[in-house]
Amino acid sequence: MVLRVFRWDPGTGERVQEYRVTAREGMTVLDALVEIQRGSDPTLAFRYACRVGMCGSCAMVIDGRERWACRTLLARLPRRTVSVRPLYHFPLIRDLVVDLEPFRRRMLATAATFEPAEGPAAFAAVGRDTAERRQVAAAIECIGCGMCLSACTMVAHDERFPGPAALNRAFTLQLDSRDGAHADRATRLRSEDALVRCHAQASCTAVCPMEISPTDSILSLRRRAILALF
């Protein structure tokens, strides 16, 4: 197989470099990149950590779709020539490595961080079988890999749009009885660059490897915002 890999480093233009790989049974795209780096090209830069689909640090765009390289088997890709490029909408650091700072900035701008409310213990557990927990059980599984931002067309259009991950996180916090920032967060969510900007195309949901639906979280926040007007 041939991997057509995006290359870039500061001071040079973008280019695509081809590498030939002998695909073995069970070989992933991450395995192939590691083999290339250790064998033919030690200058190739990419990020990974756990290699077992837990951390999300090997997120990239493979054959035009956001995927985790460690979970993407070469044998399951339809073509013998596979394109590999970094996530969209993030600043490049080098080759396949992007700067995730915009991810953190969007979280902070949306107040998508836990603020303990006065009264109840901030870190008291919410029971698994409670209605409060069931409403957000899927949404809290986000590990912040950034693939949903890469797939979101509105993130590309409006840099002030919080993006699917921040809005999904905001959803979990707005339903958390221990959180004390509901009013401030609701104001931010009603701004012209937040909830109303989402076009509900569900690109974020389509690529989420954790099978979370940020689209559903955003639509739920919209319903709550509308009901709050009456």
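**Sheet and helix packing in the predicted model**

Five strands make up an open sheet of mixed pairing, ordered β2-β1-β5-β3-β4; two strands are taken to pair if DSSP finds at least two bridges between them. The edge strands, each pairing on one side only, are β2 (15-20) and β4 (65-68). From one strand to the next the twist averages 35 degrees. The structure is a predicted model, in which local features need pLDDT of at least 70 and side-chain atom pairs count only at pLDDT 80 or more, whereas totals for chains, interfaces and linings use all residues. Residues are numbered from 1 along each chain as its sequence is written, and side-chain values use heavy atoms, with hydrogens and water left out. Helices (H or I, at least four residues) and strands (E, at least two) are DSSP runs numbered from the N terminus.

Strand β5 pairs with β1 in the parallel sense over four bridges, and V5 stands opposite V84 in β5. Strand β3 (residues 59-62) runs antiparallel to β5 (residues 81-85) and is joined to β5 by two bridges; the bridge partner of V61 in β5 is R85. Buried denotes under 20% relative accessible area, exposed over 50%, and partly exposed in between (1.4 Å probe, protein chains only).

Helix α1 (residues 29-39) lies across β1 (2-7), β2, β3 and β5, and runs at about 75 degrees to β1. Axes are lines fitted to C-alpha atoms, for helices over the stretch in contact, and angles run from 0 to 180 degrees between N-to-C directions.

The axes of helices α6 (residues 164-174) and α7 (residues 182-189) come within 10 Å and cross at roughly 145 degrees. In this pair, L167, A170, L173 and Q174 of α6 meet H182, R185, A186 and L189 of α7, contact being defined as heavy atoms within 4.5 Å. The residues of this contact comprise five nonpolar, two polar and one charged.

Q174, located in α6, counts as buried because its relative accessibility is 8%. Its side chain makes a polar contact with the side chain of R185 (2.6 Å); such a contact is a pair of N or O atoms within 3.5 Å, where within protein one must be able to donate a hydrogen and the other to accept it, and residues adjacent in sequence count only if both atoms are side-chain atoms. Leaving aside residues up to four places away in sequence, Q174 touches A181, H182, R185, A186, L189, L221 and R224.

Key
Ala, Val, Leu, Ile, Met, Phe, Trp, Tyr, Cys and Pro count as nonpolar, Asp, Glu, Lys and Arg as charged, and the others, Gly among them, as polar.
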